Amino acid sequence: MSLDLSLFLEAFHFLRPWRLVLAIPVLVTWWRLRQRRGATGGNDGWLAPHLAEALTVPGNSAGRVQPIDVISLVLLVLVAAVAGPSWTRAPTPFAAQTAPLVVVMQVTPSMEQADVAPQRLVRARQKTMDLLALRSGARTALVAFAGSAHVVVPMSEDPGVMQPYLEGLTTAVMPIEGQDIQAGFTTAQALLAREGAPGGVVFMVDELSTSAAAELAEAWGQAGADDEGAEVAETVASMSFLFMLPEGTDLPQVPEGASATRVTPDTRDVAEVERSLASAYRRAQLEDEAQPWEDRGAWLAWPALLLLLLWFRRGMAIRWAGQAALVLWIFQPVQAQAEGWRDWFMTPDQQGWRAFERKDYAEAAEAFEDPYLRGVALYRSGQYETAAQEMARLDTAEAAFLQGMAHLKSRGYRDGVRAFERALEIDPEHKGAQQNLPISKAIVEYVETTREQSDTGEDTGIGADDVVFDNESGRGEDTQIEVPQEDAPAHLSTEQWMRTVDTRTEDFLKQRFQLEAARGEQP
């Protein structure tokens, strides 16, 4: 993952700095041998000085690169690798590697002006598609606002889903006149709060009043403020403004910490928005103390190998090769003595992560030594009961949460309740456990209530599509519930309606926004 230079310098450190003391004997040895070779002219005293001077090629002095210089530099690089350089957090398996984003678009009559060809609103729609193409499948949502704010498209990884709704987004579909940008931000923040990872909001607007900027700053938590503002700031890591204004006009003042960009004919503007979002997302990851630091020491193996290529240069003493090989063996990690060629270059956890990224979760589970990562891989591979057993060994909120999810997947709902309760005992602010505990309790209550009201279930066979629940509390009979195969849902959600509606997109948006405005809903 690329990193800004300032952020790199701020985050760079060594995980095992005490191992840097190994550089002291390397430097002392290099200094003594270098001085010795300089004093003897490189012949170690086996040739008379006057003969050595006559036989020595001019320029072959102590200032020339010697084998000891190369081997010492290689050793210093290896010492740095052993010390564990790090400047990024280790990727979390359940966290998105790209920040989620909400595009908040102003849909007002002022956006119909043609000073930005072909029209401000049309250009905003085009820039949204450019941004989606640049983000290559990252989770993105679209919110439109005028006098009210409405979710046009919820979070999606498919750019094709958003395009038809962008085309139908005109001023005619907005039910209330005005310019309530604060409502747009509130709706965007609610969408990001469901993601479980800090994200960004980009406003595509043509104006921003001073009062509106101040309200946004306060809502964003940048004006210092209460716990609620700080929570919003953690959810919304980045705020950007892409102004649909022609060249020569001054950009409005934006909240402190936000970025402001003018629309351009090319993609420089959306690239700047994406860079701002990525930088804020990386900074938020670095500040997340729950994530471990990633050991980048393995990267230094490549410069060490390149330096060893200097042994093939003419003039390098062959006798140093055996000593270099011996020292390289001494500095090898313990894992390098394991069987298999991969063990010479990567730790078991690094091998497991490579398999995890290939989505070969079964292989990853076998490779991981870290119990939490092994539990995650087992969960992803569908081995829920084994994953729950693995997580039970750990005393962290994340492990307890994953244990609860594994129990739910294996239909051990009561054990899931216990695991979520344990996660909240360790970390009362754990969002995943807070959300899933009432759901799992409701499932258990539903099952027990169903048993109390039913007098069947023991005498009938269990079909392939039947669901069987435990009966730990002994309330009623063991109950089996047949899962309907063709029954359609009685009530469609907004997202389902958007997928099934058979009408013009513009008409659909207009009707839905009017209905939401009449009900006073903020989706």
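Which residues in α5 are buried?

1. In helix α5 (residues 120–135), the buried residues are R120, L121, R123, A124, R125, K127, T128, L131, L132 and R135, where buried means under 20% relative accessible area, exposed over 50% and partly exposed in between, with a 1.4 Å probe and protein chains only. Helices (H or I, at least four residues) and strands (E, at least two) are DSSP runs, numbered from the N terminus.

2. On provenance, this is a predicted model in which local features need pLDDT of at least 70 and side-chain atom pairs count only at pLDDT 80 or more, while totals for chains, interfaces and linings use all residues. Residues are numbered from 1 along each chain as its sequence is written, and side-chain values use heavy atoms, with hydrogens and water left out.

3. The 16 residues of α5 reach 22 Å from the first C-alpha to the last, close to the 22 Å expected at 1.5 Å a residue, the expected span being 1.5 Å times one less than the number of residues. After α5 comes S136, with a positive phi near 45°.

4. Strand β4 (residues 140–145) is largely enclosed by the rest of the structure, because 6 of its 6 residues are buried. T140, L142 and A144 point one way from β4, whereas A141, V143 and F145 point the other way.

5. Two strands pair if DSSP finds at least two bridges between them. Strand β3 (residues 101–106) runs parallel to β4 and is joined to it by 6 bridges, with L101 opposite T140. Strand β5 (residues 149–156) pairs with β4 in the antiparallel sense over 5 bridges, V151 being the bridge partner of V143, and a hairpin joins β4 to β5 through 3 residues.
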